[in-house]
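Walk me through how the parts of this chain pack against each other. Start with a pair of helices, then turn to the aromatic rings.

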Amino acid sequence: MIARAGHPAWERVGGPLHLRKLGGLPRVLVPFVPLVALGLIGGRFGADTLPGAALINIGYMLAVAVAWLMLQRQGVGWREIGLARPSSLVRTVLIGVGVLFAAFVAINLVQIVAVSLPGDILPPDESRFNILEGNLPLLMVLIVAAWTTFAFAEEMMFRAFLITRLAEIFQNTKAPLVFAAVGSSVAFGLAHYGEGPLGLATNGAFGLVLASAFLLTRRNLWVTIITHGLANTLRFVVVFLGVLS
């Protein structure tokens, strides 16, 4: 088991007591406002265009900054909710790889169930990555993004920040962390609405695996960052090689 990446207050279900002054759901959603706003504008340009991609990335950076400011006002940093240094980097990487395998299984199960349902269910729309095929410079750029915007920013927002905040909101329920994990996973799926219904479902499943790993490793965000970064890197390499075309 990885050493706990947090502080003693996390031993209380629902998160540290001194964070509960942040308020309810409206304030929890505040950091996501720039992400949603710039994401929608960027989507109008097209996620596969320079202006669109830039706006979406700026949205993530602003969201992380706002979340950080909210935490700082309570005297809490990212280390306290997931970014503390793990006791073993090797073990953290190995667990991250294991979580990646579990995520692939979960995503495939969702796709199998979707295919068995009546009606025509389209595969996730990943057309925004079509220009990546055979484009080595773009592959390098996206791999950098895979370990920054996609891995760090998304994990900090959807796992560390959102699960912590939702756990506080659901603290009077029988299983606050379960509700928090599910809620953050639904939000993560919705953030990928542009990939269509099946894309929303598969990303939601991916988010649930990451949320579970985050909690089972006692809020070690490095595990989910590694899993997320590896998943997107493999995804980009596969598209670059034309395997999915």
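This is a predicted model: local features need pLDDT of at least 70, side-chain atom pairs count only at pLDDT 80 or more; totals for chains, interfaces and linings use all residues.

Two packed helices are described by the angle between their axes and the distance between the axes. Take helix H6, residues 149–169, and helix H8, residues 196–216. Their axes come within 11 Å and cross at roughly 55°. H6 is therefore oblique to H8. The crossing of H6 past H8 is right-handed.

Now look at the side of each helix that makes the contact. H6 contributes Glu155, Arg159, Ala160 and Ile163. H8 meets them with Gly207, Leu210, Ala211, Phe214 and Leu215. By class, the residues of this contact are 6 nonpolar, 1 polar and 2 charged.

Next, the rings. A pair of aromatic rings is described by the distance of the centres and the angle of the planes. The structure holds 7 aromatic pairs. One of them joins Phe129 and Phe236. Their centres lie 5.3 Å apart, with 65° between the planes, and the pair is edge-to-face. Phe129 sits in the loop between helix H4 (89–116) and helix H5 (136–146), while Phe236 belongs to helix H9 (residues 221–240), so the pair ties together parts that are 107 residues apart in sequence. Both Phe129 and Phe236 are buried.

Phe236 also pairs with Phe150. Here the centres are 6.0 Å apart and the planes stand at 50°, so the pair is tilted. Phe150 is in helix H6 and Phe236 in helix H9, 86 residues apart, and the pair links these distant parts of the chain. Why does Phe236 count as buried? Its relative accessibility is 0%, and buried means under 20%.

Elsewhere, Phe32, Phe158, Phe188 and Phe206 form one aromatic cluster.

Definitions and conventions:
Residues are numbered from 1 along each chain as its sequence is written. Side-chain values use heavy atoms; hydrogens and water are left out. Axes are lines fitted to C-alpha atoms, for helices over the stretch in contact, and angles run from 0 to 180 degrees between N-to-C directions. Helices (H or I, at least four residues) and strands (E, at least two) are DSSP runs, numbered from the N terminus. Angles under 35 degrees count as roughly parallel, over 145 as roughly antiparallel, 65 to 115 as roughly perpendicular and the rest as oblique. A crossing is left-handed if the near helix is turned anticlockwise from the far one by less than a right angle, and right-handed if clockwise. Contact means heavy atoms within 4.5 Å. Ala, Val, Leu, Ile, Met, Phe, Trp, Tyr, Cys and Pro count as nonpolar, Asp, Glu, Lys and Arg as charged, and the others, Gly among them, as polar. Rings of Phe, Tyr and Trp (its six-membered ring) pair if their centres lie within 6.5 Å; planes under 30 degrees apart count as stacked, over 60 as edge-to-face and the rest as tilted. Buried means under 20% relative accessible area, exposed over 50%, partly exposed in between (1.4 Å probe, protein chains only).
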